[in-house]
Amino acid sequence: MRLEPTPELEAFRRKVRAFVAEHAPGVKTHSGVRAPEPALMPAIREWTAKLYEAGFLGIDWPVEYGGRPDAHPLEPFVVAEEIARARTWPPVGAASLASGALLDFGTDAQRARFLPRIRACEDVWCQLFSEPEAGSDLASLRTRARREGGADDDVFVVDGQKVWTTNGQHADMGYLLARTDDAAPRHRGITAFALDMRSPGVDIRPLREITGTTDFNEVFLDGARIPAANVIGRVNDGWRVAMSSLGRERSGVAARGAELFAVLDDLLRLAEETPVGGRPAVEDSATRQAIGELAARVQVNAAMISLAQSRMLHGTEGVGDALLGKIFFSELNHDLAEFGLRLQGTDGLLAEGDAEVVAGGWWQDAHLYSRAYTIAGGANEVLRTQFAERGLGLPR
């Protein structure tokens, strides 16, 4: 398998890098998938619309909706990497997930209505999948949608609760999963919907996290009415819709490699500037050994991403590619942040806003947030079990 980029792909990378340098809406000051302050949202909407207009987002969409089907399949990965390398804001929300569902399962009317608004970033989407009792085990979700009305007022009335909804406070639309048939097996009887987040009966409550920020939200649905025309795919076939759209969204994995190289650079700089025993920490043998080990793991993470991309191109993807990649990245990301905090000694107890804190408190925030990556997209413990059963064929 070939892992090195083609000259055409490198030329595309230079084009994207120049575009990001010219148009990006400033540096993203916190690590991870974070919700911006409300005042920054107009600039992020404008930035996102420019990325679509330039052909850097929605690359794999059909040409009638603005895509470039002749583009190299790895171009979306390059765009994600360059945005991460510049440490600027990626498009916020779940528009890529929702657009995948609409492209594969939506009606012509739904595509005509929603896709142009996604491209113009007139609609920010959020993902309404997880629930308090249905996170890693999503099929156990309890939010219910019952059908009411007739031909002139055909609607689904939804009751339930969603949680860990990133950017819910900024969202115009929600990509919702709800149970529509209690008698069906767990993975059936679920339907996918496009929900207007401004609908009566939708209550969004931001969650204050250990970082002090509010990136996630609870969303309470109390008699929220969704037109039957907003069902994505067929009624009771939402599990297939959701799994297909999740499989489509891969480019974010590429950003993880660029992210970790940037953090490693920061760690080296921190070791050069932090004294240990009267000398820079980088001159300490134990510190060099630890950074060397972390650097090796960052390189392995990049190789795993490249190998997964190569397999994708050749149609030879394995069940473990996504599972192991997510586990490896999330635990390495935590270990980098933890070591950066340890290097600071007692100064590691400072936090954002303290006058003497290193790097504005970036390391403290990154360390606190890093646990979210080990849970989001499936807790690592659950993913290890899935790989053991599906990838290695071990007994349940």
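This is a predicted model: local features need pLDDT of at least 70, side-chain atom pairs count only at pLDDT 80 or more; totals for chains, interfaces and linings use all residues.
A search of the whole structure turns up one cavity of 30 Å³ or more.

Which residues line the largest cavity? They are Val263, Asn333, Leu336, Ala337, Trp362, Trp363 and Ala366, and when this lining is sorted by class it comes out as six nonpolar residues, one polar residue and no charged ones. Two helices, H9 (320–343) and H10 (362–375), each supply at least two residues of that lining, which brings me to how these helices are arranged.

H9 and H10 pack at an angle of about 160°, and their axes are 8 Å apart. Angles over 145 degrees count as roughly antiparallel, and H9 and H10 are therefore roughly antiparallel to each other. Their crossing is left-handed. On the H9 side, the residues in the contact include Phe329, Asn333, Leu336, Ala337 and Leu341, while on the H10 side they include Trp363, Ala366, His367, Tyr373 and Ile375. The residues of this contact between H9 and H10 divide into eight nonpolar, eight polar and three charged.

Staying with H9, we can turn to another partner, helix H11, which covers residues 380–391. Here the packing angle is about 150°, with the axes of H9 and H11 10 Å apart, and this pair is therefore also described as roughly antiparallel. H9 passes H11 in a left-handed crossing. Gly320, Leu323, Leu324, Lys326, Ile327, Ser330 and Glu331 in H9 meet Asn380, Leu383, Arg384, Gln386 and Phe387 in H11, and by class this contact has five nonpolar, four polar and three charged residues.

Finally, let me move to another part of the chain, to helix H4, residues 95–105, and helix H5, residues 108–119. At what angle do H4 and H5 pack? The angle is about 155°, and their axes lie 10 Å apart, so H4 and H5 are roughly antiparallel to each other. H4 passes H5 in a left-handed crossing. The residues that meet are Ala95, Ser99, Leu102 and Leu103 from H4, and Gln110, Arg111, Phe114, Leu115 and Ile118 from H5; by class, they make up six nonpolar, two polar and one charged.

To close, I return to H9, which packs with H10 and with H11, and which also supplies at least two residues of the lining of the largest cavity.

Note on methods: Residues are numbered from 1 along each chain as its sequence is written. Side-chain values use heavy atoms; hydrogens and water are left out. Axes are lines fitted to C-alpha atoms, for helices over the stretch in contact, and angles run from 0 to 180 degrees between N-to-C directions. Helices (H or I, at least four residues) and strands (E, at least two) are DSSP runs, numbered from the N terminus. Angles under 35 degrees count as roughly parallel, over 145 as roughly antiparallel, 65 to 115 as roughly perpendicular and the rest as oblique. A crossing is left-handed if the near helix is turned anticlockwise from the far one by less than a right angle, and right-handed if clockwise. Contact means heavy atoms within 4.5 Å. Ala, Val, Leu, Ile, Met, Phe, Trp, Tyr, Cys and Pro count as nonpolar, Asp, Glu, Lys and Arg as charged, and the others, Gly among them, as polar. On a 1 Å grid over the protein atoms alone, a cavity is a set of points where a 1.4 Å probe fits but cannot get out, and a pocket is an open set with protein on both sides within 12 Å along at least five of seven lines; lining residues have an atom within 4 Å of a point. Grid points are joined across faces, edges and corners, and a volume is the space filled by probe spheres set on the points.
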